[in-house]
Amino acid sequence: MKYECPCGYIYDPETGDPDGGIAPGTAWEDVPEDWVCPVCGLSKDSFTPIN
């Protein structure tokens, strides 16, 4: 499952966020709570699951 930020950024566990320190293959549940959207800076709890 992927997760979308209100700004339109989509977190895909397959690609992670290497620039933000999140390795490819990192499940959403394993992303640290203090991680923020690399585009707009919103917190992880602003994201919504998408298919």
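**Fold and salt bridges**

Me: What share of the 51 residues counts as buried?
Reply: This is a predicted model, where local features need pLDDT of at least 70, side-chain atom pairs count only at pLDDT 80 or more, and totals for chains, interfaces and linings use all residues. Numbering starts from 1 along each chain as its sequence is written, and side-chain values use heavy atoms, with hydrogens and water left out. Buried means under 20% relative accessible area, exposed over 50%, partly exposed in between (1.4 Å probe, protein chains only). On that basis the buried share of the 51 residues is 31%.

Me: Which residue forms a salt bridge with D12?
Reply: A salt bridge here is a side-chain nitrogen of Lys or Arg within 4 Å of a carboxyl oxygen of Asp or Glu, and the structure holds two. D12 is buried at 17% relative accessible area. Its closest N and O contact in the bridge is 3.7 Å, and the partner is K2.

Me: Is K44 buried or exposed?
Reply: K44 pairs with E33 in a salt bridge, with the closest N and O atoms 3.3 Å apart. E33 is exposed, at 61% relative accessibility. K44 has 7% relative accessibility, which makes it buried.
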